[in-house]
Amino acid sequence: MIEVKARLLRGSVFFAGECIECEIIFTNTASVEKETCNPTCHHTLDSECTNEKRETDRLAWASVQIHCQCSVNESRVQLPPRVERTSDKLPMKSNDASCTSFIPSRGEEGRCLMSTKPKILFCDLELAPGESKNYFYSDTVPVDGAPSYKGHAVKYSYKITVGTSRVQGDSKLLRLPIRILVVQGLDEIENFLKKQENLHNPFLENSSPRISFLDVAVDILTTITSRRNSHIYNIVSERGSVGHFCLFKSAYRIGEEIVGSFDFSNSLIICVKFSVVLQSEEHIPEDFRNSSKHTSGVTYSSFTSVSEHCLHTKKTHLVLPIPYSVCPEFVSDIVCLKWRLHFEFILASSPLPAGASPVQLTSPHTDVASWQGPSDVEVETVTWDLPIKILPTNPLHASSISTSRTSNTIIF
């Protein structure tokens with residue numbers, strides 16, 4: 001039996017354009033059998049009366065490749081004929097002429113959107129019982145691809161696939177999922193880094209410091225999301241002003257907290273309660289919508305939320321965390337992902353009756369008073385949507401709290 005194990009050397013989250021490194025270990029799990037000599041042998045020691053029987057196992061080849069699978073919800077998305085969903089789920093047979101070909105997307109739903117060039121690890125590997133062989137694989141995902149995303153209509157998933165086979169045997173596939181974050185505009189950075197490497201003096205050691213793609217991408221994201229420019233919005237209804245909302249910045253990285261403040265001090269309309277929900281907008285272009293379904297082409301998904309009763313509140317604030325598991329905004333051929341804050345304000349339809357809300361002193365010797373609200377209040381609901389930008393974060397931070405496995409094993 002052969003055990004194949006793939007292990008990522010640094011977490012499971014990467015930037016598109018970053019080098020992904022993986023260690024692949026092939027082990028012959030068979031135990032060493034011992035044969036005992038016949039009774040007529042002339043060995044003086046017991047250890048000399050045993051011979052090790054070593055049965056080796058041989059693999060014909062092994063190859064590794066990174067690929068991205070795209071699957072769609074056919075009730076929402078209608079792909080053109082040239083990119084129709086394929087269903088290659090039939091098992092490979094040994095008498096098939098293509099049984100030794102490496103097809104990493106075999107058995108996967110949807111279509112292969114992107115795949116790197118396969119890299120051959122070895123040809124004709126022989127392993128003795130208990131023997132292991134280690135190989136290191138590294139490759140780069142193109143910067144102009146789609147990110148890892150799981151939506152209602154479209155799903156993009158990246159995997160590292162290891163294919164191997166015995167001589168005249170079926171090929172086996174080992175898949176290890178990875179998460180890819182895409183930062184727009186990094187193709188220019190990649191070209192810049194290549195020019196910097198070409199300027200390196202081969203006759204001098206450390207003539208120019210090596211610039212990491214990860215460090216440059218993180219610096220760009222930090223610069224964009226650290227810009228603080230307060231935006232103040234007037235919250236109004238048909239009957240007048242409700243208050244003001246202040247958002248300290250409009251671009252955030254996943255894992256950050258959205259901080260804002262409310263000011264109801266000069267409000268003409270009484271706000272009884274408000275709620276804020278972080279929502280994603282999944283837009284499907286009209287050319288790819290399923291014409292047989294009456295859909296608008298936009299699907300909303302809610303994530304974190306906060307709500308507060310704010311009757312007689314002058315000023316308050318909100319703190320809304322952005323989960324590390326969400327996908328940053330992006331645009332591809334068949335889907336566009338945007339983000340927004342969805343507000344709901346519950347407003348009193350009329351001024352509160354004075355007779356039903358008397359102010360009573362809790363103690364005649366203090367200024368502390370209690371207020372008894374009315375039993376019934378007529379209200380109306382006002383909604384408001386505020387677009388925001390959510391960008392990727394440092395993959396090291398996302399990997400540190402990710403529950404995705406960084407290794408996978410098959411035995412055949």
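Predicted model: local features only at pLDDT ≥ 70, side-chain atom pairs only at ≥ 80, totals over all residues.

Residues are numbered from 1 along each chain as its sequence is written, and side-chain values use heavy atoms, with hydrogens and water left out.

Student: Is Asn28 buried or exposed?
Tutor: Asn28 belongs to strand E3, residues 19-28, where strands (E, at least two residues) are DSSP runs numbered from the N terminus. Buried means under 20% relative accessible area, exposed over 50%, and partly exposed in between, with a 1.4 Å probe and protein chains only. The relative accessible area of Asn28 is 2%, so Asn28 is buried.

Student: Which backbone oxygen does the side chain of Asn28 reach?
Tutor: Contact means heavy atoms within 4.5 Å, and, not counting residues up to four places away in sequence, Asn28 touches residues including Met1, Glu55, Leu127 and Pro129. At 3.4 Å, the side chain of Asn28 reaches the backbone oxygen of Ala128.

Student: How many disulfides does a search of the whole structure find?
Tutor: A disulfide is a pair of cysteine sulfur atoms within 2.5 Å. For Cys112, which is in no disulfide, the nearest cysteine sulfur is that of Cys68, 7.5 Å away, and for Cys271, also in no disulfide, that of Cys310 is nearest, 3.4 Å away. Over the whole structure, the number of disulfides found is zero.

Student: What is the relative accessibility of Cys271?
Tutor: Cys112 counts as partly exposed, because its relative accessibility is 32%. Cys271 counts as buried, because its relative accessibility is 5%.

Methods:
Helix = DSSP H or I, 4+ residues; strand = E, 2+ residues; numbered from the N terminus. Polar contact = N/O pair within 3.5 Å; in protein donor to acceptor, adjacent residues only side chain to side chain.
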